[in-house]
Amino acid sequence: MSARRPNVILVITDDQGYGDLGCNGNPWIQTPNLDEFYLSSTRCEDFHVSPLCTPTRGAIMSGRNPLRNGAWATCWGRSILRADETTMADVFTHNGYRTGMFGKWHLGDNYPYRPQDRGFETVVAHRGGGVGQTPDFWGNNYFNDTYFHNGRPVAHEGYCTDIWFDEAMAFIEESRDEPFFCYLATNAPHSPYLVADQYADLYRGNPEIPEPEFYGMITNIDENWGRLTNLLDALQLAENTILIFMTDNGSSGGFDPNTGAGYNAGMRGKKGSYYDGGHRVPFFIRWPAGGILGGRDVDQLVTHLDLLPTFCELCELNEPDHNPWDGISVAPLLRGDWMDVPRRHLIQQYRQNTNPPQMWENCVMTRDWRLIGGEELYYMPADPGQRNDVAERYPDVVRRLRHAHEDFWAEVRPRLDEYCPISLGADEENPTRLNAMDVMGDVAWNQGHIKAAQRSTGRWAVKIERAGRYRFELQRWPREIGVAIDAELPDEHAEIAPFGNAPEGGNGTRIAPRRARIAVGNFEATADVPPGAERVSFEAHLQPGETQLDAWFIDADGSERGAYYVYVTRE
């Protein structure tokens with residue numbers, strides 16, 4: 001290794017699958033810059049993440065299985081990385097690196113879970129699981145949005161992906177004289193599939209392409225990738241920079257399993273699936289100064305859990321205290337050296353529900369085998385498309401993989417019911433804005449958004465940080481639009497409601513609650529909802545500790561609906 005530790009740039013895109021690249025055999029998509037990087041990089045050809053975005057991101061940041069770290073779903077308070085986890089950014093910071101995060105975090109939007117609380121010194125990000133979702137700044141729609149700079153809203157001009165790359169490149173240029181870790185996590189090509197016509201027009205009219213805009217978003221990512229690599233060359237940083245391209249789960253819009261349209265590299269399944277199409281993704285890495293060069297494929301099973309321990313070995317990082325990692329360092333494999341890879345069983349498990357995963361909703365993986373749901377067994381060297389269930393032929397393999405999962409389950413099950421409480425009254429975030437994406441309990445879900453026709457539970461796990469007087473303001477709409485609880489959403493706001501911001505009835509359908517109710521700690525109260533009021537306020541003196549906050553609106557018939565936004569201020 002050179003005298004100076006290498007820089008690390010980790011680029012991860014959202015919902016782009018293994019087959020959504022020209023270099024991986026897609027006959028239609030135009031990704032010339034990534035195709036060129038493929039040729040100059042080492043490729044992990046059997047690289048796996050989780051089938052959904054939050055579990056993948058939490059595993060990358062912590063080196064630990066999502067069922068251990070608490071971030072095993074994408075909402076309902078289950079998309080938050082536990083506060084006791086040491087993150088990848090913490091490790092780099094501990095070793096004197098500058099750290100920057102740009103784009104999608106999706107591991108907690110409130111203290112102490114925000115990226116700026118988890119080791120990143122420079123943050124430019126949207127909130128929630130996608131631009132325009134309930135936690136995000138109202139009105140964001142991929143173009144000319146307002147994003148959060150270390151928690152402060154800042155208006156931008158331009159397209160979301162261009163902005164993430166612009167901000168990351170500015171950070172890189174500012175940090176050029178010292179080691180840095182840059183985590184660039186695009187929200188694209190996550191739905192809704194929105195991109196300028198110049199990109200989508202490349203694919204419109206082709207019946208083999210299920211979502212032209214989805215491909216257009218990827219071509220825009222590829223264009224920005226070219227800008228990034230050109231900058232590294234211009235700054236003479238490419239030689240000693242570990243540069244990685246990967247994605248967070250299988251394809252969402254590049255393949256239609258019902259019609260067969262699109263391209264999935266022969267795999268079964270897509271985003272959300274326990275078959276390989278849901279979690280086998282591209283992983284390209286290059287570090288010229290460290291001997292990680294092009295023209296080499298790694299065929300061993302490697303996963304997102306391995307990144308943190310691998311970075312520690314490649315960069316010779318001192319490890320701060322941390323929970324035991326589930327991953328291993330695969331640095332020798334990346335360098336092209338021999339490595340005695342330990343026999344291991346890797347568990348894929350998540351749940352798109354507030355309730356903990358069921359025991360056999362999972363995939364158990366080894367290099368050669370996949371056990372799906374505890375029953376279906378596939379031998380991957382002979383059947384990479386997972387078409388032939390051989391469980392009856394190999395009962396001993398089924399038993400071995402089931403036993404491996406039973407042992408894992410016994411370790412993780414005791415903590416699966418725990419929520420990560422959001423801090424109230426901390427100096428680091430006061431006031432705190434709670435939103436319906438982090439509520440406890442069952443709510444309907446549709447493409448990453450609270451369904452407009454369903455009700456928020458109005459229930460949050462919280463931690464009162466300091467004794468004192470607290471003000472709670474219950475709202476239907478966020479402060480930035482200034483709309484009354486009982487008002488129809490004005491046209492200028494209603495047009496963006498389908499992106500996930502609109503609770504109850506969608507597109508501004510009027511509600512008219514008569515009363516509001518709150519319960520937190522030992523405090524309970526109700527109050528009238530005056531006509532035209534934007535909020536209903538309560539004040540309470542609270543003692544420190546973990547508790548539950550319930551905040552509801554009550555209709556004339558006595559039925560209750562949860563508040564979608566609650567602003568909490570320690571006075």
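**Figure 1. Asp 46 and Arg 370 form a salt bridge.** In this predicted model, the closest N and O atoms of Asp 46 and Arg 370 are 3.5 Å apart. Asp 46 sits in the loop between β2 (42–44) and β3 (47–48), and Arg 370 sits in strand β15 (residues 369–372), so the pair ties together parts that are 324 residues apart in sequence. Both Asp 46 and Arg 370 are buried. A search of the whole structure finds 37 salt bridges.

**Figure 2. Arg 98 pairs with Glu 121 in a salt bridge.** The closest N and O atoms of this pair are 3.4 Å apart. Arg 98 belongs to strand β4 (residues 98–103), while Glu 121 lies in the loop between β4 and β5 (122–125). The pair therefore ties together parts that are 23 residues apart in sequence. Arg 98 has a relative accessible area of 17% and is buried. Glu 121 is partly exposed, at 40% relative accessibility.

**Figure 3. A salt bridge joins the side chains of Asp 528 and Arg 515.** Here the N to O distance is 2.4 Å. Asp 528 is in strand β24 (residues 523–528), and Arg 515 is in strand β23 (residues 515–520). The two residues are 13 residues apart, and the pair links distant parts of the chain. Arg 515 is partly exposed, with a relative accessible area of 31%.

**Figure 4. Salt bridges link several residues in a network.** The members are Arg 471, Glu 473, Arg 479, Glu 534, Arg 535 and Glu 571.

**Figure 5. The largest cavity holds about 110 Å³ of space.** Rolling a probe the size of a water molecule over the atoms shows where empty space is left. The count comes to seven cavities of 30 Å³ or more. Residues that line the largest cavity include Trp 105, Gly 108, Asp 109, Arg 114, Pro 115 and Gln 116. Val 123, Ala 125, His 126, Arg 127, Phe 148 and Gly 151 are also among the lining residues. By class, the lining of the largest cavity divides into five nonpolar, four polar and three charged residues.

**Figure 6. The second largest cavity has a volume of about 70 Å³.** Its lining includes His 48, Val 49, Ser 50, Asn 65, Pro 66 and Thr 303. His 304, Leu 305, Leu 346, Ile 347, Gln 348 and Met 365 also line the second largest cavity. Strand β13 (residues 346–348) gives the largest share of this lining, three residues. Six lining residues are nonpolar and six are polar, with no charged residues.

Figure 7. Pro 112 lies in the loop between β4 and β5. Pro 431 is found in the loop between β17 (422–424) and β18 (432–435).

**Figure 8. Asp 15 and His 106 have positive phi values.** Phi of Asp 15 is near 75°, in a residue other than glycine. Asp 15 lies in the loop between β1 (7–13) and α1 (32–39). Asp 15 is buried, with a relative accessible area of 1%. Phi of His 106 is near 60°, again in a residue other than glycine. His 106 lies in the loop between β4 and β5. His 106 is buried too, with a relative accessible area of 4%.

Key: Residues numbered from 1 in each chain as written. Predicted model: local features only at pLDDT ≥ 70, side-chain atom pairs only at ≥ 80, totals over all residues. Heavy atoms only, no water. 1 Å grid on protein atoms, 1.4 Å probe; cavity = no way out; pocket = protein on both sides within 12 Å on 5 of 7 lines; lining within 4 Å. Points joined across faces, edges and corners; volume = space filled by probe spheres on them. Nonpolar A, V, L, I, M, F, W, Y, C, P; charged D, E, K, R; others polar. Helix = DSSP H or I, 4+ residues; strand = E, 2+ residues; numbered from the N terminus. Salt bridge = Lys/Arg side-chain N within 4 Å of Asp/Glu carboxyl O. Buried < 20%, exposed > 50% of the residue type's maximum accessible area, 1.4 Å probe, protein only.
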